[in-house]
Amino acid sequence: LRGYITPNAVWHMGGLFGRSTFAYIAFDVESTNLVYLKDFWQTDLPGIQKEGDVYCKLHDAQVPNIPKLGLAGDVPLSPECAVIASFAAQRTRTQDYLKMPDGEHKWCPGQPHVDPYVHYRLVLETLGKPLSTFKSTRQLCEVIWDAIIGKECGFILMECVLMGWDSSLSSI
């Protein structure tokens, strides 16, 4: 486990159901650097890729303009669980209580659909700056261009991975 000190979230998404995302500029106690810490509930279904795994694939393929990934993973039930069993993570149970034994939602009007979630944290070692701090129109355009290049290369790479094509940077 690694320690981070965070002030109030710089960004959060409210809502009763969903990912409940919070983002922090955090102090990494071990490295003494500032990092971007994202805390959220990720959909916990087969076939859903973890966000940290996506960053790893993008870095392995040398996609430009992608933040450097630090640590990422499911949040353990407790610090002791992190040492004993990596599968003992914080998971939602709401979806278990919405369904009756026959799979119906008879007691709940509207027949809601609630996916299972696992508590997940992601640390990016690259900190960006707010777009409102740009010094000139040229600097703003360069930043937006870099973001477009990174996103486009990442999108093409992920399409190649999903389709089973050669995903090396030279073939993109």
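In this predicted model, a nonpolar patch on the surface is formed by Ile5, Phe27, Val29, Leu34 and Leu127, which together have about 420 Å² of accessible area. One of these residues, Leu127, is located in the loop that runs between β6 (117-124) and α4 (137-163). The relative accessible area of Leu127 is 33%, so this residue is classed as partly exposed.

The largest nonpolar core comprises eleven residues, namely Phe40, Tyr55, Leu58, Ala61, Val63, Ile66, Leu69, Tyr120, Leu122, Leu124 and Cys153. Two or more residues of this core are supplied by each of the elements α1 (51-60) and β6. The greatest contribution is that of β6, with three residues.

Within the largest core, Phe40 is in contact with Arg19, Ser20, Thr21, Glu51, Val118, His119 and Tyr120, when neighbours within four places in sequence are left aside.

A polar residue, Gln42, was also examined. Gln42 belongs to strand β4 (residues 34-43). With a relative accessible area of 4%, Gln42 falls under the 20% limit and is therefore buried. A polar atom of the Gln42 side chain lies 2.8 Å from the backbone oxygen of Gln49. Apart from neighbours within four places in sequence, the residues in contact with Gln42 are Ile48, Gln49, Lys50, Glu51, Pro116, Tyr117, Val118 and Tyr120.

Notes. Residues numbered from 1 in each chain as written. Predicted model: local features only at pLDDT ≥ 70, side-chain atom pairs only at ≥ 80, totals over all residues. Heavy atoms only, no water. Patch = residues over 30% accessible without salt bridge, like charges linked within 9 Å, V, L, I, M, F, W, Y side chains within 5 Å. Areas by Shrake-Rupley, 256 points an atom, 1.4 Å probe, with all protein chains shown as cover. Salt bridge = Lys/Arg side-chain N within 4 Å of Asp/Glu carboxyl O. Helix = DSSP H or I, 4+ residues; strand = E, 2+ residues; numbered from the N terminus. Buried < 20%, exposed > 50% of the residue type's maximum accessible area, 1.4 Å probe, protein only. Polar contact = N/O pair within 3.5 Å; in protein donor to acceptor, adjacent residues only side chain to side chain. Contact = heavy atoms within 4.5 Å. Core = buried A, V, L, I, M, F, W, Y, C linked by side-chain atoms within 4.5 Å.
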